[in-house]
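Here are my notes on this one, jotted down as I went through it. Have a look at the structure first, then read on.

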Amino acid sequence: MRKPALVVTFPTTAAAMACEQLCGEQGLPGRMIPVPGEISAGCGLAWKAAPQDRDVLAGALDAAGVAMEGMDVIEMLEFVK
């Protein structure tokens, strides 16, 4: 089943790791994924979250000085158990 997902991309792996650490510390939603083929990015890692989490994530990453390359909403396969 395809569902919209927010995909945050980063210019470097260090920025992606900083995002993962920040989100873990602050309990922010999402998880690290490989960059989907529909998106090009400087780093092979991306943060995936729900589209409605865009403002919360953007604010937290900006406040922490974590460099982002882009924030895109794309249709992604979602596996349901």
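1. A word on surface first: accessible areas here come from the Shrake-Rupley method with a 1.4 Å probe. On that basis the chain exposes about 4700 Å², and carbon and sulfur atoms supply 54% of that area. Do keep in mind that this is a predicted model.

2. On the fold, you get two helices and four strands. Going along the sequence, they come in the order β-α-β-β-α-β. The radius of gyration is 12 Å, close to the 12 Å that the globule rule gives for 81 residues, so the chain is as compact as a globular protein of that length. Along its principal axes, the C-alpha trace spans about 35 × 25 × 20 Å.

3. How much of the chain is buried? Of its 81 residues, 38% count as buried. As for contacts between residues at least 6 apart in sequence, 75% of them join residues at least 24 apart.

4. Charges: there are 6 positive and 10 negative side chains, with the centres of the two sets 10 Å apart.

5. Now the cysteines. Searching the whole structure turns up zero disulfides. Cys23 is in none, and its nearest cysteine sulfur, on Cys19, sits 3.9 Å away; a disulfide needs the pair of sulfur atoms within 2.5 Å. Cys23 counts as buried, at 2% relative accessibility.

6. Cys43 is in no disulfide either, and here the nearest cysteine sulfur, again that of Cys19, is 10 Å away. Cys43 is buried too, with a relative accessible area of 4%.

How values were computed
Residues are numbered from 1 along each chain as its sequence is written. This is a predicted model: local features need pLDDT of at least 70, side-chain atom pairs count only at pLDDT 80 or more; totals for chains, interfaces and linings use all residues. Side-chain values use heavy atoms; hydrogens and water are left out. The radius of gyration is taken over C-alpha atoms; the globule rule is 2.2 Å times the number of residues to the power 0.38. Buried means under 20% relative accessible area, exposed over 50%, partly exposed in between (1.4 Å probe, protein chains only). Contact means heavy atoms within 4.5 Å. Lys and Arg count as positive and Asp and Glu as negative; His and the chain ends are not counted. The place of a charge is taken as NZ of Lys, CZ of Arg, CG of Asp or CD of Glu.
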